[in-house]
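Student: Could you take me through the aromatic rings of this protein, step by step?

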Amino acid sequence: MGVESIPVGRGQGRSALQLLLAVAAAVMLSSPWLFTPVDASVSYDRKALIINGRRRILISGSIHYPRSTPEMWPDLIQKAKDGGLDVIQTYVFWNVHEPSPGQYYFGGNYDLVRFVKLVKQAGLYVHLRIGPYVCAEWNFGGFPVWLKYVPGISFRTDNGPFKEAMEKFTAKIVSVMKSEGLFESQGGPIILSQIENEYGPLEEYYGGGIAKNYASWAAHMAVGLNTGVPWVMCKQDDAPDPVINTCNGFYCDDFSPNKPYKPTMWTEAWTAWYTAFGGPVPERPVEDLAFAVARFIQKGGSFINYYMYHGGTNFGRTAGGPFISTSYDYDAPIDEYGLLRQPKWGHLRDMHKAIKMCEPALVSADPTVTKLGNYGQAHVFSSKSGACAAFLSNYNPKSSARVTLRWKGI
């Protein structure tokens, strides 16, 4: 029986009514997690994505290939790996790849295939957010300007001309990725794809029926492209099966997927915010960001993506939206110039190490929740193999607490 006394800080977080601090304390009590290799595949259940037969807690970070240069990509990817990331997430930017109808370009800063292959060489996975509307503070939200002049077109709704153009581009990107063998089902690094982007909040604006028809069409169109990996739709509470709806925000610990058999995923954990001319440079303390991530995993989350992990630069006239600056630094763990931002990068790296130590327990079972006095909670995860992890929470906004843990086997 082992005994350890662990301090748990005062609650702190998003508001005076929600003062929380999630402190993860993990102890691995079992032998290394063993699994039987199977053919390359990606699926999911309610606990997590399942990659080649193994449930995974996945830590991801957004690095947009057009917001840096090809010369920077290997170093950025390696620093992300060194920081404890498993996945690199990027949007696909329609307007740079199809500047004229039917004329495609994938060179220079827009060499998507090269970027994905570099991620694979580093031993990381890819989440490809095809959109093709991406927002992303990018010029015209990623739409090519020529799309505006297609006769009869109406963007992002149940409109024939728009759906035809959208499907053609989405199929083109999938075809390019397939031709290079880049989906995990082919032995490549792409484990997830995304269709549309934060469309759910617009459904009421567009009118329930036609908007819902469009969202359903987009989901089924994407699934029909047979990538062999799951598709997600962020901020899309009505995402139809088998598409997974996901959360974007500063905090997502209250989020649940729309079906009990889908995993809990956070596609945009905002590291800060974009910079606008005339305003302050946004910052987010790493303690708050780490708190949000730990709390999300404590509540059952299994996929977290930092938006951004490296923000980079809006080169040329790519910046979109009112008064968006050329800097897209985002107070990210890797700054605009490709340098480590400390203490943010190192603090998150250390947290990722702790999370990975806990992975077998976290994905094996639901936690046992125990009250610790008037303000504390312990979420204890235990697997049949003996792996164990505990998250300790102190809800008292005025004072710290001390908890004594006892466990067997040490």
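Tutor: Rings of Phe, Tyr and Trp (its six-membered ring) pair if their centres lie within 6.5 Å, and planes under 30 degrees apart count as stacked, over 60 as edge-to-face and the rest as tilted. This is a predicted model, in which local features need pLDDT of at least 70 and side-chain atom pairs count only at pLDDT 80 or more, while totals for chains, interfaces and linings use all residues. Residues are numbered from 1 along each chain as its sequence is written, and side-chain values use heavy atoms, with hydrogens and water left out.

Student: How many aromatic pairs does this rule give?

Tutor: The rule looks at the distance between ring centres, which must lie within 6.5 Å. Counted in this way, the aromatic pairs come to 32.

Student: Which kind of pair do Trp94 and Phe143 form?

Tutor: Their ring centres are 5.8 Å apart. Because their planes stand at 85°, the pair is edge-to-face.

Student: Is Phe143 buried or exposed?

Tutor: Buried means under 20% relative accessible area, exposed over 50%, and partly exposed in between (1.4 Å probe, protein chains only). Phe143 has 3% relative accessibility, so Phe143 counts as buried.

Student: Which kind of pair do Phe143 and Phe162 form?

Tutor: The centres of these two rings are 5.6 Å apart. Since the planes of Phe143 and Phe162 meet at 75°, this pair is edge-to-face.

Student: Where does the charged end of Lys172 sit?

Tutor: A charge sits over a ring if NZ of Lys or CZ of Arg is within 6 Å of the ring centre and within 35 degrees of the ring normal. The charged end of Lys172 lies 4.6 Å from a ring centre, over the ring of Tyr104.
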